[in-house]
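The sequence and the model are shown first.

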Amino acid sequence: MTILDWSFASDFTDEARRRMKHHVIDYHYDAGGFNFVYASFYITDTDRNSGAHVMMKRSHNRKPLRMLLGSARASEADVRRQFGIENEIVIEGPAGLGFVQDTSCYHRATPPIQGDRLMLAIRFIN
């Protein structure tokens, strides 16, 4: 699967972004099976003010039972409390930067407020 996704800068509140159901600004994990991985590439220069991708190290295999039951979404406070803010990685970089991620870890996008972001994501499934 290939996704080319624009995130446009705006002054919308986080709640308004959630209502639009387009921006994935809340922590969540993907449950696409056991054999999948994403390769993502920034097509535009991207930083924390233009929709940078954020992930929580070690959260792909250390979720407590309460985080596995019910929704795959969790609040920023709950994820940071469980895994530690020191394990939060904000992926910033120039156009062309690529990274590979097991999206069964908690991840999200920062709300773009100063610049638009275009990202290409390719999902590989075995």
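Two rings of Phe, Tyr or Trp (for Trp, its six-membered ring) form an aromatic pair if their centres lie within 6.5 Å; planes under 30 degrees apart count as stacked, those over 60 degrees as edge-to-face and the rest as tilted. The model is a predicted one, in which local features need pLDDT of at least 70 and side-chain atom pairs count only at pLDDT 80 or more, while totals for chains, interfaces and linings use all residues. Residues are numbered from 1 along each chain as its sequence is written, and side-chain values use heavy atoms, with hydrogens and water left out.

Across the whole structure, the search returns five aromatic pairs. One of them joins Tyr-29 to Tyr-106 in an edge-to-face arrangement, with 5.3 Å from centre to centre and 90 degrees between the planes. Tyr-29 belongs to the loop between β2 (27-28) and β3 (36-42), and Tyr-106 to the loop between β7 (98-101) and β8 (107-109), so this pair ties together parts that lie 77 residues apart in sequence. Helices here are DSSP runs of H or I with at least four residues, strands are runs of E with at least two, and both are numbered from the N terminus.

Tyr-29 and Tyr-106 are both buried, where buried means under 20% relative accessible area, exposed means over 50%, and partly exposed lies in between (1.4 Å probe, protein chains only). Tyr-106 also pairs with Phe-83 in a tilted arrangement, 6.0 Å centre to centre with 50 degrees between the planes. This pair again links distant parts of the chain, as Phe-83 is in helix α3 (residues 76-83) and Tyr-106 is in the loop between β7 and β8, 23 residues away. Phe-83 is buried, as is Tyr-106. Together with Tyr-27, the residues Tyr-29, Phe-83 and Tyr-106 make up one aromatic cluster.

Not counting residues up to four places away in sequence, Met-67 touches Tyr-29, Ala-74, Asp-78, Val-79, Gln-82, Phe-83 and Tyr-106; contact means heavy atoms within 4.5 Å.

## Overall fold

The protein chain contains three helices and nine strands, arranged from the N terminus as β-α-β-β-β-α-β-α-β-β-β-β. Its radius of gyration is 14 Å, close to the 14 Å given by the globule rule for 126 residues, so the chain is as compact as a globular protein of that length. The radius is taken over C-alpha atoms, and the rule is 2.2 Å times the number of residues to the power 0.38. Along the principal axes, the C-alpha atoms fill a box of roughly 35 × 35 × 30 Å.

Of the 126 residues, 40% count as buried. Among contacts with a separation of 6 or more, 86% are made by residues 24 or more positions apart.

## Selected residues and distances

| Residue pair | Separation along the chain | C-alpha separation |
|---|---|---|
| Asp-5 and Val-54 | 49 residues | 16 Å |
| Pro-94 and Ile-43 | 51 residues | 8.2 Å |
| Asn-49 and Gly-115 | 66 residues | 6.7 Å |
| Met-67 and Gln-82 | 15 residues | 9.7 Å |

Asp-5 is part of strand β1 (residues 2-7) and, at 22% relative accessibility, counts as partly exposed. Pro-94 is located in the loop between β6 (88-91) and β7. With residues up to four places away in sequence left out, Pro-94 touches Tyr-42, Thr-44 and Asp-45.

Asn-49 occupies the loop between β3 and β4 and counts as partly exposed at 26% relative accessibility. Leaving aside neighbours within four places in sequence, Asn-49 is in contact with Pro-111, Pro-112, Ile-113, Gln-114 and Gly-115.

Arg-58 lies in the loop between β4 (53-56) and α2 (65-68), and its 40% relative accessibility places it in the partly exposed class.
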